[in-house]
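Student: Hey, could you walk me through this one? I'm new to it.

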Amino acid sequence: MSIVPQPTFLALDWWALGPVLALTAGTILLLLLEFLPQRANGNRGGIVSLLTFLASGYAVWRVAGEKRELFGGMFVHDPMTVFFTLLFCAVGVLATLMSWDYLKRTKINQAEYYALLLSSVLGMVVMAASNDLVTVFLGLELMSLALYVMVGFRRSQLESNEASLKYFLLGAFASGFLLYGIALLYGATGSSNLAMIGAFLADTPLATNPMLLMGSLLVFVGFAFKVAAAPFHMWTPDVYEGAPTSVTGFMSAGAKAAGFAALLRVALRALGPVMVDWTQLLAVIAFLTMTVGNVTALLQGNLKRMLAYSSIAHAGYILVAVAAGGPEGASAAVFYLATYSFMNIGAFAVLTMLGKGREERVLMSDLAGLGFREPLLGLALTAFMLSLAGIPPMAGFMGKLYIFGEAVKHPQLLWVVVAGVLNSVVSVYYYLRVTVSLYMKEPEGEPVGISWGAPAVLAIVITLAATLWFGLQAQGLWIQAQNSVMGLL
Amino acid sequence: MIPTEWALALSAVLFVIGVVGVLVRRNALVIFMSIELMLNAANLAFVAFARQQNSLDGQIFVFFVMTVAAAEVAVGLAIIVNLFRLRETVFVDEINLLKG
């Protein structure tokens, strides 16, 4: 931590801090508003949270081209912060839209839900903007603590509570590793500022220092847990299955993107000089993560569980890009995170509409024949599955193309690229199983009721448009992704 | 003056006790206490490093960690209390609805 005071606090800095201030104010406002009576059918929480996300996005977009370091270099406003803040605001808006009717029909429509959503997004923003191990830790905990509660939000339901307990115990365990790793890094380098650690490591050859190695390893374990990389992925299927569907959609996109944003910052900015030694280890972990995720997903009959294993597999693809390293690898990872967020939230938005009242119909067999009864919904779900499988012209294909295209430039990563492509082929099987269920299976038992709601439909339309647009016109987002990692190196 | 290595050794021992506690104990509350032990082991390491390097950064870090740990206790105990209300158990072996 450098304690050089910022000479002045410019108007620009207020805009740069806008998302943090707006999200904090929104959280407090939502809780205070609970003192006032609300109309029986109103959704004050949803409206406040939508406005807060839009205000946050506007604030950071207004000063998008600037670069500032605030609070003694602990919080940076740079292109990467802007990119991820906009992404998290979009994820927040989509999560609000798909929660809108889902919460009402499952009878958990309480303002605390949206307050927790806002503070969780706040944690993500802090993680992406952090330039100091202290802020990384604080952001991560802010995000996670809110998510532990959101996962257990259906608190009278045993599965939700169990998921919450598992996520909490394992998440806190991983935080312990991360924190001890931070302590060791601080001890080895004498600073907790990412840039200063990077500068120290560039001057002092410390690559074999056991304290540095142990510290980096423990920090990596902490992140691997948050992004669900093997062998620290065990919690994912249980938590995704037990959590309310809207929360699963939110955390599968937001928490993963935030975890990778902080991981990229730490890996490139602080540990950049020693990253070369890590390439093979990261490649092995990426290989394990992809394979475990894809092979286990083949066996799942529950869509939420299947998407949980698929999200593990996607973490593996992104880790290939992290292993490739450098600005190209990082921008491929950033691009993939953005496209993955949209397509995955889209798939979960469709799932929130399946079932009437409090019931949850997310088994593969529940989809049988749905493609003909609800053609538009079936088509949307098919599109998201094709994108997740990485089939052109969807965004998922472009994401994989960039990742494998960058990784293949490093000869020592060739094997993991081949494994990744084979993995994508395997994954097509279980994504297409969804389509087969939609169109080629006869429904058994009572057919699934669809809870239509305008906000959820809007969320599906937005994500579908983004999935198609980023697939056909990937160049624009790719340039943004490249810009965003420029400041890191 | 106590050498820094001694404090670090103690912190490493506390951390390992915490990790082993999480892995072998089956009571959610005891697991949770073990996790707190891990956080406090990190705190001890921070303080030791801060004194070794004559900088206050590490000591400030400890305040942040204590705040976070307090928030974690609030959330964690609420989850465990809710679990006990629903299931009348806090043993993680008996909490096995979700699997596959």
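This is a predicted model: local features need pLDDT of at least 70, side-chain atom pairs count only at pLDDT 80 or more; totals for chains, interfaces and linings use all residues.

Student: OK. How many residues of chain B are in contact with chain A?

Tutor: On the chain B side there are 44, and they meet 43 residues of chain A. Contact here means heavy atoms within 4.5 Å.

Student: And how much area do the two chains bury between them?

Tutor: About 3800 Å², with 76% of it on carbon and sulfur atoms. Phe61(B), Ile79(B) and Leu98(B) supply 18% of what chain B buries against chain A, more than any other three residues. Buried area is the accessible area (1.4 Å probe) that two parts lose on being put together, summed over both.

Student: How many salt bridges cross that interface?

Tutor: The rule finds 1. Arg87(B) pairs with Glu162(A), and their closest N and O atoms are 3.7 Å apart. The rule asks for a side-chain nitrogen of Lys or Arg within 4 Å of a carboxyl oxygen of Asp or Glu.

Student: What does Ser164(A) touch?

Tutor: Not counting residues up to four places away in sequence, Ser164(A) touches Tyr148(A), Val151(A), Gly152(A) and Ile79(B). Ser164(A) sits in helix H7 (residues 158–189) of chain A. Helices (H or I, at least four residues) and strands (E, at least two) are DSSP runs, numbered from the N terminus.

Student: Is Ser164(A) buried or exposed?

Tutor: Buried, because its relative accessible area is 2%. The cut-offs are under 20% for buried, over 50% for exposed and partly exposed in between (1.4 Å probe, protein chains only).

Student: What about Glu141(A)?

Tutor: That one is in helix H6 (residues 133–151) of chain A, and Glu141(A) is buried too, with a relative accessible area of 1%. Leaving aside neighbours within four places in sequence, Glu141(A) is in contact with Ser175(A), Val68(B) and Glu72(B).

Student: Switching topic: how covered is H16(A)?

Tutor: Mostly, since 11 of its 15 residues are buried. The helices covering those buried residues include H13 (303–324), H14 (326–352) and H18 (414–440) of chain A.

Student: And what comes just after H16(A)?

Tutor: Gly390(A), which takes a positive phi of about 85°. The loop between H16 and H17 of chain A also holds Pro393(A), and the peptide bond from Pro392(A) to Pro393(A) is cis, with omega near 10°.

Student: Where's another cis bond?

Tutor: From Ala230(A) to Pro231(A), with omega near 0°. Pro231(A) is in the loop between helix H9 (210–226) and helix H10 (235–242) of chain A.

Student: Which residue other than glycine has a positive phi?

Tutor: Phe71(A) is one of them, with phi near 50°. Phe71(A) lies in the loop between strand S1 (68–70) and strand S2 (75–77) of chain A, and counts as partly exposed because its relative accessibility is 48%.

Terms used
Residues are numbered from 1 along each chain as its sequence is written. Chains are lettered from A and ligands numbered from 1 in the order in which they are written. Side-chain values use heavy atoms; hydrogens and water are left out.
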